[in-house]
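Please look over the notes below with the structure open beside them. They take up a few places in turn.

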Amino acid sequence: MTHKKISRKSRRRIRMTLYFASILLLIIAVCAGIVGMRFYFSHLTAPKQTGLGGVLSGPKNDYIMIGSSHTALSYILPDMEKAFKAKVYAISYNGLNFSLMLPILEILVKKGVLDNTNLIVECYTGTAVVPPNLQDVRLFYHAPPELKKDIIKLLEDNGQLSNKNLFYLLFSSSNDDIITSPITNRIIDRIFYHGIQTSIKSPGMSEASFAKVVSPVKGKGLCLAPQNIEALHKIIKLLQDHKINTVFVESPMPAAIESDPSYTENKQALRKIITKSGFPYIDGALKFKNDDHNLFMDAGHLSSAGRKLFTAKVISAIQSRKNSSHK
């Protein structure tokens, strides 16, 4: 009798163990499925009028711009398209520096997106001094699988990939964007034009706020992140090897920043690398009224009036270079 009671208890334990093991395996399988679907297919749900979605799956562009929020908030695209009589698209992600720009450009070259295309690369000193990090998770969500792998490796190599961050990227980030993409993408595609939000109306700063602007590298001397310098050299080689017609542009900053010796030192170091390579460099601060508070919406971005002036300046500089090259 005792033997039979023990056997029944054992069988019950086995059944319960198998039951909970099955539940656990089901949860693991569901989680793995979600991670796999997100990793390999999230880019297919990206909007087509902003970010990578517009260049990887959209029609061919004559000009492609790439950079951080400074690219998104420095230009008026319809003015550029009217002047160039060409299609212009802007790829912009917050905090995008050379380290993250490199794998993006490698993918664009590999997929032929930059073939017979003019490239305008943002050269912003403020992001060049910051070590590689992913400030805008939209980039991961918009990235095809091969680019996601490059981003993960870059973050891991630079100590930016904790288990918590990896879980966030692979499992929980942008779920709402993915799930609601059939609806939200229609809205996004209406308010964005070729990568830039058209409805942004940015007034200038107040004089009081403008007077408080301080350089982000004040007193730091030459402090460009070595990872970004290495990435910049690789970007230059990539563009040279594939003969991509490229211009590097730095948008203007308020006078308090442009006049800071540390900012100037870092800016000149970047300019030296670019001009030495033979690529043209446009310094947006030259002949720009960066002491006018009305031309800046905050310490790092142009107002609507500032964008109008800066866009005209870049158009003129690019057209002048083209005209001189044809002579």
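1. The second largest cavity is lined by His70, Thr71, Ser74, Tyr75, Glu122, Val249, Glu250 and Ser251. Two elements, α3 (69-72) and β6 (245-250), each supply at least two residues of this lining. The volume of the second largest cavity is about 30 Å³. Please bear in mind that the model is predicted.

2. On the number of cavities: the count comes to 2 when those of 30 Å³ or more are taken.

3. Ser303 sits in the loop between β7 (281-283) and α16 (304-326). Is Ser303 buried or exposed? Its relative accessibility is 1%, and because buried means under 20%, Ser303 counts as buried.

4. Which residues is Ser303 in contact with, leaving aside neighbours within four places in sequence? They are Ser202, Pro203 and Gly204, together with Asn294, Leu295, Phe296 and Met297.

5. A nonpolar patch on the surface is formed by Met16, Tyr19, Phe20, Ile23 and Ile27. Together these residues have about 500 Å² of accessible area.

6. One of the patch residues, Tyr19, is placed in helix α1, which covers residues 2-41. The relative accessible area of Tyr19 is 48%. Buried means under 20% and exposed means over 50%, so Tyr19, lying in between, is partly exposed. A residue needs over 30% relative accessible area to be part of a patch, and Tyr19 has 48%.

Methods. Residues numbered from 1 in each chain as written. Predicted model: local features only at pLDDT ≥ 70, side-chain atom pairs only at ≥ 80, totals over all residues. Heavy atoms only, no water. Patch = residues over 30% accessible without salt bridge, like charges linked within 9 Å, V, L, I, M, F, W, Y side chains within 5 Å. Areas by Shrake-Rupley, 256 points an atom, 1.4 Å probe, with all protein chains shown as cover. Salt bridge = Lys/Arg side-chain N within 4 Å of Asp/Glu carboxyl O. Helix = DSSP H or I, 4+ residues; strand = E, 2+ residues; numbered from the N terminus. Buried < 20%, exposed > 50% of the residue type's maximum accessible area, 1.4 Å probe, protein only. Contact = heavy atoms within 4.5 Å. 1 Å grid on protein atoms, 1.4 Å probe; cavity = no way out; pocket = protein on both sides within 12 Å on 5 of 7 lines; lining within 4 Å. Points joined across faces, edges and corners; volume = space filled by probe spheres on them.
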